[in-house]
Protein chains: 2
Amino acid sequence: MFTEAESDPVLDADTAKELETPLRTALLKAQYARLLDPRRALLIVAAGLDGAGKGATINLLNEWMDPRHIRTLAFGEPGPDEAKRPPLWRYWNALPPAGRIGIVFGSWYMPLMREAARKQPRTARMARHIEDVRRLEATLAANGVQVLKLWFHLSKDAQRTRTRRLLADPDTAWQVAPQDRKVHKRFDRLRSAGQEIIAATDLPHAPWVVIPSADERLRAVRTGQAVLRALSPRHAPRVASGAAGSPAAVRIADRLGRLDYAAHLDKDQYEQELLQWQARLARAVRGQAFSRRCLVLAFEGQDAAGKGGAIRRVTHALDARRYTITPISAPSSEELAHPYLWRFWRRVPAHGGIAIFDRSWYGRVLAERVEKITPPAHWRRAYEEINDFESQLAEAGAVLVKFWLAVSKDEQLRRFHEREKSPFKQFKITPEDWRNREKWDAYRQAANEMFARTDTRHAPWHVIPADDKRHARVEVLKTIVQALEAALQKEKT
Amino acid sequence: MFTEAESDPVLDADTAKELETPLRTALLKAQYARLLDPRRALLIVAAGLDGAGKGATINLLNEWMDPRHIRTLAFGEPGPDEAKRPPLWRYWNALPPAGRIGIVFGSWYMPLMREAARKQPRTARMARHIEDVRRLEATLAANGVQVLKLWFHLSKDAQRTRTRRLLADPDTAWQVAPQDRKVHKRFDRLRSAGQEIIAATDLPHAPWVVIPSADERLRAVRTGQAVLRALSPRHAPRVASGAAGSPAAVRIADRLGRLDYAAHLDKDQYEQELLQWQARLARAVRGQAFSRRCLVLAFEGQDAAGKGGAIRRVTHALDARRYTITPISAPSSEELAHPYLWRFWRRVPAHGGIAIFDRSWYGRVLAERVEKITPPAHWRRAYEEINDFESQLAEAGAVLVKFWLAVSKDEQLRRFHEREKSPFKQFKITPEDWRNREKWDAYRQAANEMFARTDTRHAPWHVIPADDKRHARVEVLKTIVQALEAALQKEKT
C-alpha cells in the first residue's frame, strides 16, 4: 500500500498550477453543498509518519476552503479533565455538527499506533484497540458522521532529507518536533505499524487514503482530491451490516408483568430506612475510594411513576457540587445535528462525580420507537450502540445503575386524576401523558425488549414496583448503595 | 438586618399548610410565564450561615417548581481547568439561558466572604472584591440575567441546637459538613461579615433577602415568597445608571485617517522576516514561562483587509493542539439567550493556550452599532463591559493583542473585484460586503471611537496598514512576538 508513496512521486509546478484552480473551485462548491446537508458531518483524520507535512497540508485545506466551517480538533496527552473519563469521551465531545468539517490530529488511532510501533506489539491489546476503533467508526458512520482517514507517507530517504533541511536553518528548526528527530530511526517499525493498522481498519464507511508526501505540491493536490471525493454526494457508503447490524434474537421475558405491585412500606419504617440508606450513600461517595470511580444513574418508567420524587430522595444525601441532574426531553436543534449518543457523552461525569438522568439514552428504544420518531433500522441498531457506550463508561470506572419505576395501569390512572385536581401538580399532566397511556402495551413491549437486550453485568436494569412510592424510594436508594459499596470494595482490595 | 432572623421566628403547621398551596401554584405559574420571556434568566444566589438549611430549601424549590427548568450550579474549590482561568470564568460559563432559573451555591461571594470573615479583614482586598461583585452583577442585570440573593440566617443558639441534634444521630450526622461543626464557634465573625457584605452589595438590580432559617416551615415559605417576587413581571428593576451608565467623554482621534497606507515590503525581505518572526513566536510559546500565561488575539478590520491570511501566518508557527480559531458571525439562538459576552467567555483559553478570534466581541460597537442591530444604550454600555472583561483576562495572565487591519477604500475595491473574478474567491464576496462598503464612514467613525474607548495598557489596539499584505502580516507577527516576549520576561523575573 505504500509502494507509490515511497517512490516519492513529484508534481511539476505547471501541472500543479493547472490542477489547483479547478480543484479549489470544486472543493468550495462541495463544501457549500455539504453545509446544507442536515444529516452528515465529515471528520478527516490526519495520520501517518511524523514530519510528512500533515500540519502544513491542513493549513492549506483551510486556505482552499471556507475556514469558518472547518474545525481543527487537535489532541495531545489527555488533560486532567480527560484522564478522568473514558478515552473516547474527548472525541465524542468535539464532534462537528452536521454540514461541517472537523480535522482530527491525535485521533483515536494514537493508542493503536503506539502499540503497533512497539518492538513486540502485544497481540491481545492490538486486537482490542482495533475492535474499539472499528466500533467507534461504525457508530459514527451510522449516525451521520462520515470519516475519511489520511495517511501521510514518504520514503525513508525523503524523510531524512526533509528533517535535515529544516534543522539546518535555525529559523525552521522549530518545525521539527523533538519526536520527529527520532522518527527516521524508527521508520521501519512505524511503516509496518501503519501497514497493519490500515489493513485492519480500511472499511467502506471509513476508508484510508495514502497521501504521497515527499513533494509539497503533490501532497496538497492529493489531499484536496481525497477530501473532494469524500464530499461528493454520490459518495455515501452504507455501513456494512456486520459492523452495526440488526440485533440477535433473544428471549424476551415479560418483566413488567411479573412484578409484585402490592409491595408496600408503612410510614415509620419508611422514614427510618430512608434515613439509613441516605446516610450510607452519603458515606460511600464521601470516601477516598469514590475519587477513582463515578456514578451514573438512569431513571426510566411510565409517566407518573415517581421518578422525580425518587431522584430527590437520592440527591438529598448528596453534596450539590458533586451531582448533575439532566432531564431528557426532545433534543435541541444542536443535538439533532449530532449523533444520537452525543448529548449523553457530553454529560459523562469525571471521577468523583455523579450524573443523574431523568429519562435517558433509552428514549431511542422507548418513546422514539413507539411514537415512530425513529425508523426501525436506527432504534434496532441502538441496543448495540448503547451497550457499547455503557461498557466504555464501566471500563473507565463508572458504577452504572438503571431503574425502571413500574406503576400499574390503575395506579397511573389514579395519579393522573390526582394531578389534574391539584393546583400545583396540573403542570405535570398533559394531553401527551394521556396519549402515551393509550399506548400502554406498546410501551410495555418496548420496555421488555429493552430489558432483554441491555441488561448487562456492568449495567443491570432494576425494575422496581412503584405503586407504593415509599417502597420504591427505599428500593432505589438501597440498590444504589449496594452497587456502589460493592464497586468501592473492589477498589480497596 | 438580622434582627428578625435572630429572633428565630416560627410558622405553625396549619398556617404553613394554608400558605403552601397558593404559593406553589403561584410559583409554578410565574415560572411558566418566565419561560416565555426570551430576555430574562433568573440567578438565585444561596448564601448565609452554614448549617442554616440552604441545601434542603433548594431541594424544596425543585419540588415546588418544575425542576426541568431549574439548574443547580454548585461550585467548590476551583478545579484544574478553572484554576487556569479568570475567577469569574466558571460562573459565566454556567449562566442559564433566558427563561430559566439557576441556583448558585459557592457563588462569586466566596472570596469576599472568606476575606470578611478573617480576624482582620484587609480593607483594600475587601474593597476590590466588593467592586468585582458589583461590576459582575451590574453587567448581568444589564444583559438580561436577574440576580436574587438569599441570606439564610438564624441565631447562635438555634444554630448550635440544630447542629447538635443532627450530630447526635449517626444517620443524620453526615448532614453536618466538617466546616459546619466549627461554624458556631465563628458565629460572631460570620455574622458581621454578612452584615458588611449585604450592606455593600444590596442593590435594586441584585437585592439581598434575609431568610429566617431556624424554623423549616418559615424558611421554606419565605424562600418561596422571595422567588415569587423576583419572578413577578412587575419586578423588573433597572440597573442604576451609575453602575453601568454612558461612557465618559473622550477625545476621539482619527487613527484610521493617519495611517501610512503606502507601507510596503518586497518579497525577499518578507519571506526572510516572516520566517524569523515565526521562529521567535514558536520559541516563545514553547517555553516554560508560557505555561503560566495565555495568549488572546482579536482580529478586526474592514472586509477584505486580509484577516484570514494574517491569522494563517500566525498559526503556521503554532502547534495545532495549542490554539483555537473562533470565527465570529451572527450569534446562534443559544448565544442570543445569554448575555452578550457569554460566547466569548466560553472561549477564554486556559494557561498555555492560545485563542484567536476572527472578528471579536468588538462586533457590539462596530457592526451591531452601525447596522443598528443593538440599541445605543446597549452598545454604549459595552465599552465598559469589554474593558472589564479584558482586564479580568489580563489579571489572570492573558497576553491580549488586538489588531485592526486597515485597508484604504481604493484597495478594498480592487480586492472586491479580484474576488469576484476568481473562481475560488467568489465565496468571500457577498452583497453584504458591498452594503458594508457603502457605510465606510460610519464604520470608520465607530472604529475610531472604539480605539479611543478601549485602548488600554493591558489590551492595546494595534492599527496596521494592510494595503500591502506582506507588510501587514509581518507587522502582526512582530507585534505578537514583542508583546509576548515582554510579558514572559516579566514572568521570569
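How many residues of chain B are in contact with residues of chain A? The count is 40 residues of chain B against 40 residues of chain A, where contact means that the C-beta atoms of two residues, placed from the backbone, lie within 7 Å. This is a predicted model, where local features need pLDDT of at least 70, side-chain atom pairs count only at pLDDT 80 or more, and totals for chains, interfaces and linings use all residues. Residues are numbered from 1 along each chain as its sequence is written, while chains are lettered from A and ligands numbered from 1 in the order in which they are written.

- On the side of chain B that touches chain A, at least two residues each come from helix 2 (13–35), helix 3 (54–64), strand 2, helix 4 (80–83), helix 12 and helix 13 (307–315). Helices here are DSSP runs of H or I with at least four residues, strands are runs of E with at least two, and both are numbered from the N terminus.
- Helix 12 of chain B gives the most to that side, with five residues.
- Sorted by class, that side of chain B has 16 nonpolar, 14 polar and ten charged residues. Nonpolar covers Ala, Val, Leu, Ile, Met, Phe, Trp, Tyr, Cys and Pro, charged covers Asp, Glu, Lys and Arg, and the others, Gly among them, count as polar.

**One sheet in chain B: strands 2-3-1-4-5**

- Five strands of chain B line up in the order 2-3-1-4-5 as an open sheet with parallel pairing; two strands pair if DSSP finds at least two bridges between them.
- At the edges are strand 2 (70–74) and strand 5 (208–212) of chain B, each pairing on one side only.
- From one strand to the next, the twist averages 25°.
- Strand 4 (residues 145–153) of chain B runs parallel to strand 5 of chain B, and five bridges join them. Look for B:H153, whose bridge partner in strand 5 is B:P212.
- Helix 11 (residues 216–231) of chain B lies across strand 1 (41–48), strand 4 and strand 5 of chain B, at about 160° to strand 5. Such angles run from 0 to 180 degrees between N-to-C directions, with axes fitted as lines to C-alpha atoms, for helices over the stretch in contact.

**Another sheet in chain B: strands 7-8-6-9-10**

- Here too five strands of chain B form an open sheet with parallel pairing, in the order 7-8-6-9-10.
- Strand 7 (323–327) and strand 10 (461–465) of chain B each have a single partner strand, so one side of each has no neighbour in the sheet.
- On average, and with direction ignored, neighbouring strands of this sheet are turned by 20° against each other.
- Five bridges link strand 9 (residues 398–406) of chain B with strand 10 of chain B, and the two run parallel. B:A406 stands opposite B:P465 of strand 10.
- Packed on this sheet is helix 17 (residues 376–395) of chain B, which touches strand 6 (294–301) and strand 9 and makes about 135° with the direction of strand 9.

**Helices packing on helices**

- In chain B, helix 12 (residues 267–286) and helix 21 (residues 469–492) pack at about 25°, with axes 9 Å apart.
- That angle makes these two helices of chain B roughly parallel; the label is for angles under 35 degrees, while over 145 is roughly antiparallel, 65 to 115 roughly perpendicular and the rest oblique.
- Helix 12 and helix 21 of chain B cross in a left-handed way, meaning the near helix is turned anticlockwise from the far one by less than a right angle, whereas clockwise is right-handed.
- Among the residues making this contact are B:W277 and B:L281 of helix 12 and B:L477 and B:L484 of helix 21.
- The residues of this contact in chain B split into eleven nonpolar, one polar and six charged.
- In chain A, helix 3 (residues 54–64) and helix 11 (residues 216–231) pack at about 60°, with axes 10 Å apart.
- Those two helices of chain A are therefore oblique to each other, and their crossing is right-handed.
- Their contact includes A:L61 and A:W64 of helix 3 and A:G224 and A:V227 of helix 11.
- Five nonpolar, three polar and one charged residue make up that contact of helix 3 with helix 11 in chain A.
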